[in-house]
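Here is a short briefing on one protein model. Keep the sequence and the structure open while reading.

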Amino acid sequence: MGKLVQDAIKVKGKRAAVPQKEIMADYFGSSVPGASKTFFEVLTELEDYTKSEFAIKGKTLGVAITSPTSNAFNNCRGGWSEYIFAVYAWNELAAVNSANYNNGKPIYVYVKLPDNKSADSKWTATLDDKHSKVIKAFDRHAASDEEVYTSGHTSFLLNSSNPDVLILKYSREEFDKFAGTLPLNPLNPISDLSLDTQDNLGKIFKCLTRTVAPRRNLHCFLSLKDSLKPDRRLQFLHEGNNVKTILLYLINERNNCDAMLKYDILHNMYYAVSFSSVKPKDRESLDAAMVACLTSPSLPKTWAVDKLFECLSQTQVKEIFTEIIPR
């Protein structure tokens, strides 16, 4: 019986919400998911463990707690998959970084992005002051802009939703300046998915705010989905377009932030990752051009999504990072 989970299960009548983070922390409090298992197998283990813990809680209280529904687990599976992917990906990067640190090559940092709820949680909050100033100058609000006010909208914004992951790269000299502030060392593998580890993965973003010069430090973005329903594919396209539109805006404003910023930064910048099987139709739907290409004929052929990866196991995580991270 897991005390952490038992304390986190809050019963109302005969129902209780699944304590997503505590389930994962209790089950993987001193280990990481096994490399020989698929994501599906790990998720099934977590679901079975949850049902077992609910039954134990019910016996303790003398109440027949309703077992979590498939919808309740749907909400958890995405979050669990993101953490499973994060630990595998972090450890892939740690192997690269430990070698790179002594060879003068870049150090890569896995940044789990928060939901875009405020200016401080947008991925653009990682940009240095020079680039951030240009981004902030774009946004308009009804309170101070007549055109926005008369349109009936409240704002005119450059940022939309955040992707799930941002991979940053820093020279050894840059990395050494902030390495001590990070709650996890990018040179070292992660050995568990305790609550502390989960929380620390989330804290990396805040530690790296105002440190990123796009041409030097942006490596790529990843969006992660546990299924490829049509609305999920559309979200991939939307996020890819939005990320690249922001970068295109910086290119167009380069005299105000970085005169050397060029179109090539738009390539190999945004990847989609599916934790379910990928079909030919899924790939075809993500062959769509970046929207800006439709109105800017001079723009090189640029796709909203650079590639869709199928990711069902740790082996495929390794394959992804072998492809997107220089060796």
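Glutamate 253 counts as partly exposed, with 25% relative accessibility. Its place is the loop between H10 and strand S8 (270-274). The model is predicted.

**Loop residues**

- The C-alpha atoms of glutamate 253 and histidine 131 are separated by 9.4 Å, although these residues are 122 residues apart along the chain.
- Asparagine 268 also lies in the loop between H10 and S8. Asparagine 268 is not a glycine, yet its phi is positive, at about 55°.
- Arginine 210 sits in the loop between H8 and helix H9 (214-217). Its phi is near 65°, a positive value in a residue other than glycine.
- Is arginine 210 buried or exposed? Arginine 210 has a relative accessible area of 56%, and exposed means over 50%, so arginine 210 is exposed.
- Threonine 69 is found in the loop between helix H3 (39-61) and H4. Threonine 69 has a relative accessible area of 39% and is partly exposed.
- Threonine 69 and valine 18 are 51 residues apart along the chain, and 9.9 Å separates their C-alpha atoms.

**Helix H2 against H3**

- Two packed helices are described by the angle between their axes and the distance between the axes.
- The axes of H2 and H3 cross at roughly 105° and come within 10 Å. Angles of 65 to 115 degrees count as roughly perpendicular, and H2 and H3 are therefore roughly perpendicular to each other.
- Which residues make this contact? From H2 come Ile23, Met24, Asp26 and Tyr27. From H3 come Glu45, Leu46, Tyr49 and Thr50.
- By class, the contact of H2 with H3 has five nonpolar residues, one polar and two charged.

**Helix H2 against H8**

- Helix H2 (residues 20-27) also has an axis that comes within 8 Å of the axis of helix H8 (residues 195-207). The two axes cross at roughly 125°.
- H2 and H8 are therefore oblique to each other.
- On the H2 side, the contact uses Lys21, Glu22, Met24 and Ala25. On the H8 side, it uses Leu195, Gln198 and Asp199.
- The residues of the contact of H2 with H8 divide into three nonpolar, one polar and three charged.
- Met24 of H2 takes part in the contact with H3 and in the contact with H8.

**Largest pocket**

- The largest pocket has a volume of about 450 Å³.
- Its lining has 23 residues. Glu82, Lys112, Leu113, Pro114 and Asp115 lie nearest its centre.
- Which elements give two or more residues to this lining? They are H2, helix H4 (70-100), H8 and helix H10 (230-252).
- H8 gives the most to the lining, with four residues.
- The lining of the largest pocket has five nonpolar, nine polar and nine charged residues.

**Second largest pocket**

- The second largest pocket has a volume of about 290 Å³.
- It is lined by 15 residues. Ala119, Thr124, Ala125, Ser132 and Lys136 are the closest to its centre.
- Its lining divides into four nonpolar, four polar and seven charged residues.

Definitions and conventions. Residues are numbered from 1 along each chain as its sequence is written. This is a predicted model: local features need pLDDT of at least 70, side-chain atom pairs count only at pLDDT 80 or more; totals for chains, interfaces and linings use all residues. Side-chain values use heavy atoms; hydrogens and water are left out. Axes are lines fitted to C-alpha atoms, for helices over the stretch in contact, and angles run from 0 to 180 degrees between N-to-C directions. Angles under 35 degrees count as roughly parallel, over 145 as roughly antiparallel, 65 to 115 as roughly perpendicular and the rest as oblique. Contact means heavy atoms within 4.5 Å. Ala, Val, Leu, Ile, Met, Phe, Trp, Tyr, Cys and Pro count as nonpolar, Asp, Glu, Lys and Arg as charged, and the others, Gly among them, as polar. On a 1 Å grid over the protein atoms alone, a cavity is a set of points where a 1.4 Å probe fits but cannot get out, and a pocket is an open set with protein on both sides within 12 Å along at least five of seven lines; lining residues have an atom within 4 Å of a point. Grid points are joined across faces, edges and corners, and a volume is the space filled by probe spheres set on the points. Buried means under 20% relative accessible area, exposed over 50%, partly exposed in between (1.4 Å probe, protein chains only).
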